[in-house]
Every structure is written in structure tokens, then in C-alpha cells.
Amino acid sequence: MTDTTRPLVCHIPVCPFSQRLEILLALKGLPEAVDFHVVDITRPRPDWLLKRTGGTTAMPVLLLPDGGVIKESLVILRYLDEAFPEPPIARRDPYERAVERMLIAHEGSFTGCGYRFVMNRDPAARAGFVERMLGEYARLDAFLRRHNPDGTFLFDSFGLAEAVFTPMFMRFWFLDYYEGFDLPETEEYARVRRWRDACLAEPCARQVSREEIVKLYYDYALGCGNGALPEGRTVSSIAFKPHWAERPWPPRDKYGRAATDHELGLLVEDAGPDQ
Ligand code: GAZ
């Protein structure tokens, strides 16, 4: 049962934006500070939720016991960091806070670039996506070299900026799998690579695995985001059932023939003894 005295986060479990909140709470050692309510992205939102949000459907949203509603993962992150102040995750010094915010200001274009890349259906456009993605990493690299050239994280440890970017570094495993794209192992990207690798190794950021992301985001690789169905399919790859661990790995070639529900292990009957 949900405890109505605690804030409630409505979320889509594999969504990178809600993983940011889970990482923050894990860093604070407060996984119980809020309740999580899972929303099925492949179905219409329930009426009680739409009433609270005023009709918007994007997750995560934070519902407060007194009726308050907070949207946007970056805003929710700050709210939780302030509402449960110990230990603080955002920097305390005003200048350091500004540096942290400048880096976080890059998250939108970084995220959008990776998602547009995985969703691209035109092989001729691929080179342009590689170039733009490298441009995004180069910008992060330059920022980190400027503000902490010899360190690993932006400051001395995994903090707010890392909680914002790590879910995207994890989602971009789909670029490695479906596009053969990874951050090059060259000196040019060495600083951002050190940061990225340390973010991926953080124990507080283990809410999803590479296998889960690759399997659940197959439809994104076919150009269908947010639970939309590719042509000829009846079950979204982002569906909760059948569980991702029971499904085979999808084909890597996203520009070739699309896999069927059956090939993706998405038909529940496939698991039955009579089939
Ligand atoms: N800016 C918001 C935040 O909280 O930071 C974004 C929230 C959001 O987009 N949530 C998605 C959602 O609820 C789930 S995660 N969508 C359903 C709805 O009804 O709005 C990201 C993309 C993208 C496609 C998908 C996603 C994604 O680009 O992971 O780019 C950033 C959705 C094509």
C-alpha cells in the first residue's frame, strides 16, 4: 500500500529521467523517502493522475501529500535534494553550484542528440549523427578539462551533475548495440571518457542494466518512441511483460528487416508449454 504521508513519484521504470531521482535517493541513502508508482507508458494515463497533473502525461511527476505537484526531473531532483537535505548532493558553494549548473545545462542537447541518433531510419543520415554525437562529447570533454582537468568527476565525487548524465550514458548503450557507436578511445575524448566510465561504475546507479536497455529500446531503434508500435507489431518492446530477461537479444541491424513480436519474445503464449 502507498503511504499517503510520503511524496509519490509516478514514473516509467526504464525512463532515464526517473532514474535520475532514484540515483539521487540512493546517494542520500534514502531510497524510502518517496514511494514510486509505476505507470505503463503503453496505456492511457489513469484519470486520477491526469487530474493531478492538469492533463500532462510526461513522467516523472512528484505528487506531494498536501496536493502539490512537481514536474520535470531536474526540478524534482533539486526539490528532493532540498526537502531531504542530508547529505546534500548539489554543491553548496555558490560558484561550484554555478559550474554544476553550467554542465547540467548541456544535458538537453546531449540527450536529444543520442535519442535522435538511435531513432534515425535513414542510413545516409548516420554519418551526420556520429559527427553531432562526437560534438556533444567534445563539449563535455572541454568543460571537464576546464573545470577539473586532473579529476574524474566534475568535483571530487559523484554528485548532482553525475546523477543527471549517468542515466543517459546508460541509455546510450543502445547506440553501441544498434549503431556500433561508442565514445572513441582517443586522447581527444580521454577526459569525458574517464568521467563517463566512472559514472557507469557508480554503485548507486545500478537501477537498470545494459541488457534491459538494449531489449526495451528496440522499438526506439525502429523510430518508434514512448511506447509507439512499429508496423506489424502488437506488443511494444518497452512493455513490462514478458519480462525482458526472458526475451532474446534483438537483432543489431536496425536498418534491415524489423523483427516480429514472436522473434522478440514478446508474445506471452510463447512462454506456455503448449506452444
Ligand atoms: N523533460 C522531462 C523531464 O522530466 O526531465 C522529460 C520527461 C519525459 O520525456 N518522459 C517520457 C514520458 O513520460 C518518458 S522517458 N513520455 C510519455 C509522455 O506522455 O510524454 C526521450 C527523448 C526522446 C524520446 C524518448 C525519450 C524518453 O526523443 O526517454 O529525447 C529526450 C522518454 C525522441
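Guide: What follows is a close look at the ligand and its surroundings. This is a predicted model, where local features need pLDDT of at least 70, side-chain atom pairs count only at pLDDT 80 or more, and totals for chains, interfaces and linings use all residues. Residues are numbered from 1 along each chain as its sequence is written, and side-chain values use heavy atoms, with hydrogens and water left out.

Start with the space itself. The ligand takes up the largest pocket. A pocket here is an open set of points on a 1 Å grid over the protein atoms alone, with protein on both sides within 12 Å along at least five of seven lines. A molecule sits in one if more than half of its atoms lie within 2 Å of its grid points.

Now the shell. There are 16 residues around the ligand; each has a heavy atom within 4 Å of it. Thr57, Met59, Glu72, Ser73 and Tyr115 come nearest. By type, the shell has 10 nonpolar, four polar and two charged residues. Nonpolar means Ala, Val, Leu, Ile, Met, Phe, Trp, Tyr, Cys and Pro; charged means Asp, Glu, Lys and Arg; the others, Gly among them, are polar.

Where do they come from? Helix 1 (16–28) and helix 5 (107–119) each give at least two residues. Helix 5 has the largest share, with three. Helices are DSSP runs (H or I, at least four residues), as are strands (E, at least two), numbered from the N terminus. Domain 1 (8–83) and domain 2 (94–200) each supply at least three residues of the shell. Those bounds come from an automatic or database domain assignment.

Next, the polar contacts, pairs of N or O atoms within 3.5 Å. A side-chain N or O atom of Thr57 is 2.5 Å from a ligand oxygen. For Tyr115, a polar side-chain atom lies 2.9 Å from an oxygen of the ligand. Asn226 has a polar side-chain atom 3.2 Å from a ligand nitrogen. Alone, the ligand exposes 750 Å², and the protein buries 75% of that. Such areas use the Shrake-Rupley method with a 1.4 Å probe.

Most residues other than glycine have a negative phi, and most peptide bonds are trans. Met59 is joined to Pro60 by a cis peptide bond, with omega about 5°. Pro60 lies in the loop between helix 2 (47–53) and strand 3 (61–63). Glu72 has a positive phi, near 80°. Its loop runs between strand 4 (69–71) and helix 3.

Conventions. A polar contact is a pair of N or O atoms within 3.5 Å; within protein, one must be able to donate a hydrogen and the other to accept it, and residues adjacent in sequence count only if both atoms are side-chain atoms. On a 1 Å grid over the protein atoms alone, a cavity is a set of points where a 1.4 Å probe fits but cannot get out, and a pocket is an open set with protein on both sides within 12 Å along at least five of seven lines; lining residues have an atom within 4 Å of a point.
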